[in-house]
Amino acid sequence: MKLQMMTWLEVEDYLRRSRGIILPVGSTEQHGPIGLIGTDALCAERIAEIAAESANAIVAPTLALTPAPFNMSFPGTLSLSAGVFKSLVSEIIEGLMHHGFDSIYFLNGHGANLAPLQAVAAQHANARVRIRSWWDFDDVSRLRDSYYGHWEGMHATPSEVAITQAAHRLVPPHPLAETPPEPLPDGFLQAHAGDRHGPPDEHRKRFPDGRVGSHSALATPSHGAEFISVAAGVVARDYLQFLASGNAKPA
Ligand code: NI
């Protein structure tokens, strides 16, 4: 259930049986010619909501404004500095702990969030924090591989576009997305893990339509529905295991 949709009495009651909460984290940035600006946040949020239904967990409001400086040359991108983002996350963790949530599960949808999230988690030694991206799990990787192989690429990936198609909106085909993108050179994914990209103008010049090695047009809403279901299943199991490992009582 979504925290925003609960009353304080319901939250108090929940805290008597569970101290865990799932917090989706995404971004607000360009996702290629047919990908929604909110893709990362929308993917993490939808998977978190379905996982929370089966794990009987609360989902906190999605953090959709995060660092994405490299995409600022594309209209619609909004980027927070890492410092502001870290302060925001830090105060949210403190607020949750104040109310008795002691096991905080970040479900991430944007590579550039990982380093700042890990840094903030390290500063809160008294909080149990787990940080996972929805694509971290083998079941999800296998599915991405089987549908798209190397065309999954790095940004505006067909898997994330498929999820938003299933959950939110199917953008009509666009000529810029019909042609496959330039394939990424060997080692590019590793070298740029965590979205270590160059300055915004350089980034847009290098990837003019916004796709980074990803053939977004391979996405379909039915793939998306499958990604949501598979990812939500593994996330729910991982969340329950996280609670159990801290002797927190799963709901
Ligand atoms: Ni993305």
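Which residues of helix H1 (residues 8-17) are buried? The views below come from a predicted model.

View 1. Val11, Tyr14 and Leu15 are the buried residues of H1. Seen down the helix axis, these buried residues fall within an arc of 100°, so they line one face of H1. An α-helix has 3.6 residues a turn, so residues three or four places apart point the same way. Leu9 and Arg16, on the other side of H1, are exposed.

**View 2**

**View 3. The open sheet.** The sheet is built from four strands in the order E2-E1-E3-E4, with parallel pairing. E2 and E4 (128-133) are the edge strands, each pairing on one side only. E1 and E2 are joined by two bridges, and isoleucine 21 has isoleucine 58 in E2 as its bridge partner.

**View 4. Helices on the sheet.** Helix H2 (residues 39-55) packs on the sheet and touches E1, E2 and strand E3 (103-108). The direction of H2 makes about 155° with that of E1. H10 lies across E1, E3 and E4, and runs at about 160° to E4.

View 5. His31 (NE2), Asp40 (OD) and Glu160 (OE) are the protein donors, lying 1.8 to 2.2 Å from the nickel ion. Along the chain, the donors follow the spacing H-x8-D-x119-E. Histidine 31 and aspartate 40 are both buried.

Definitions and conventions:
Residues are numbered from 1 along each chain as its sequence is written. This is a predicted model: local features need pLDDT of at least 70, side-chain atom pairs count only at pLDDT 80 or more; totals for chains, interfaces and linings use all residues. Side-chain values use heavy atoms; hydrogens and water are left out. Buried means under 20% relative accessible area, exposed over 50%, partly exposed in between (1.4 Å probe, protein chains only). The arc is that of the directions from the helix axis to the C-beta atoms. Donors are N, O and S atoms within 2.8 Å of the metal (3.2 Å for Na, K and Ca); water is not among the atoms, so sites may look incomplete. Two strands pair if DSSP finds at least two bridges between them. Contact means heavy atoms within 4.5 Å. Axes are lines fitted to C-alpha atoms, for helices over the stretch in contact, and angles run from 0 to 180 degrees between N-to-C directions.
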